[in-house]
Amino acid sequence: MPSDGPTAGERFVRGLIPENPVYRQLLGMCPTLAVTGGMKTAMTMAGAVAFVLICANVLTSLIRNLLKPHLRILVFTLTIAAFVTIADRVLAYAMYDMSKELGPYIPLIIVNCVIICRCEVCASKQSVLVAASDAVGQSIGFALALASVASLREILGAGTFFGLQVMPSAWPNWGIMVMPPGAFLTLGLLLGLANWIGAIREKKSGTSA
Amino acid sequence: MSDTKKANYLVQAWLVLTLAVSFGGALAGVHLALNEGIKRNKKNETYSQIPKLVPDPDKKRLKDRVEEVVFTVDVGGVATERTAYKALADDGKAVIGYMLRASGMGYVDKIEVLIGVDARATKITGIYVLAQIETPGLGNKIRSEDFEGQFVNKLTAKDIEVIKTAPKSDSNDIQAITSATISSKAVCDIVNNAVREFQKYLDSIDQNNGARVKE
């Protein structure tokens, strides 16, 4: 069926950078600001979101023919909430310290717009394979976005990367980077950079066409 | 007409209801499988606080000399169980101090606090906020050395009070976190209540023993 939408491969690649959930779709910015003080918390969040996104997309795709239009958001939210609860319990079991550090932000994955957006745009309309590869692509894109903000904030703000000292001890840690204002500044500047690079590439492909 | 409409809605919602039941079952299964492990993690975290909260010259082996003490208190007419951890000296008999576990309502939700007291609960040796989901950046500062450290060496003869300015050096006051007075007061109330309850318990075992309890 030619008009089925993008293929699995296309969905995967789009999720990485062209349709990056944070830099292009501007979704899921709450965890991008909140848990990117360090790489460890950021990557744990990325892992949790990946688990929920993949499971929710696969399940939604499996039941896509049973969805009623006026109840579909309810079904999405129900599915996402169930998987987030599972992720939260598993995290409390296997990585207790990390689960305490992330605190309320793991349950808040339920309202992360990236996941419900992928359910609505892709999983409820396309096959399981496409939905799964869309989820994987978007998850990696989200992880890349978190990593970009977290590495800047941790290296400049604490001199460490994944907890290991990388800056010389003479480096005065920019305290503001590990606090909320630093998150907004970093994300804002990186977004501007991403838009600028996008504009340059458009100009290049425009003139070479 | 409205009856068939009602039936229609239920029929349309069959997927939602089925999913709700299935997810409920799945979550119950996850809970059964993981709950013991999570409780163990919490217990380890509690025990790891004991050397910090109950001052002891030999911190390394303190974990082996801890006894769990379960006692009942009267909360509004209902007998409720409380847990405390008794830290014993090297001889296994003299009591160095206790660590109390207490909880209460904060600004957002329940706050759990560990409280270290000396052997007669006359002085607080430290507190640790074990669990809280107060407002990030404001109330959640109760889980910080700055705030928790204020409780060290506070005497328990009188209730600890929360004030908004810097407290005088030997007063029984602590300073509230700026813009987080409710969270600060909540922790203070939890500490005061827990110490009162524990003092009542200590008095009751004094009466039962008849003799004076060794320090």
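The largest cavity holds about 50 Å³ of space, in what is a predicted model. A cavity here is a set of points on a 1 Å grid over the protein atoms alone where a 1.4 Å probe fits but cannot get out, and its volume is the space filled by probe spheres set on the points, which are joined across faces, edges and corners. Local features need pLDDT of at least 70 and side-chain atom pairs pLDDT 80 or more, while totals for chains, interfaces and linings use all residues. Residues count from 1 along each chain as written, chains are lettered from A and ligands numbered from 1 in written order, and side-chain values use heavy atoms, without hydrogens or water.

**Cavities**
- Searching the whole structure turns up three cavities of 30 Å³ or more.
- Around the largest one sit B:Phe71, B:Arg82, B:Thr83, B:Leu100, B:Arg101, B:Ala102, B:Ala194, B:Glu197 and B:Phe198; a lining residue has an atom within 4 Å of a point.
- Strand E2 (78-88), strand E3 (95-105) and helix H4 (181-209) of chain B each give two or more residues to that lining. Helices (H or I, at least four residues) and strands (E, at least two) are DSSP runs numbered from the N terminus.
- Sorted by class, this lining has five nonpolar, one polar and three charged residues. Nonpolar covers Ala, Val, Leu, Ile, Met, Phe, Trp, Tyr, Cys and Pro, charged covers Asp, Glu, Lys and Arg, and the others, Gly among them, are polar.

**Where chain B meets chain A**
- 19 residues of chain B are in contact with 21 of chain A (heavy atoms within 4.5 Å).
- The two chains bury about 2000 Å² between them, 78% of it on carbon and sulfur atoms; that is accessible area (1.4 Å probe) lost on being put together, summed over both.
- One salt bridge crosses the interface (Lys or Arg side-chain nitrogen within 4 Å of an Asp or Glu carboxyl oxygen).
- B:Glu45 and A:Lys100 pair up in a salt bridge at 2.7 Å, N to O.
- On chain B's side, helix H2 (14-53) and strand E5 (124-131) each supply two or more residues, and H2(B) gives the most, with 14.
- That side of chain B splits into 14 nonpolar, three polar and two charged residues.

**Second largest pocket**
- This pocket has about 460 Å³ of space; a pocket is an open set with protein on both sides within 12 Å along at least five of seven lines.
- Of its 16 lining residues, A:Ile17, A:Tyr23, A:Arg24, A:Ala194 and A:Ile197 are closest to the centre.
- H8(A) provides the largest share of the lining, seven residues.
- The lining divides into ten nonpolar, three polar and three charged residues.
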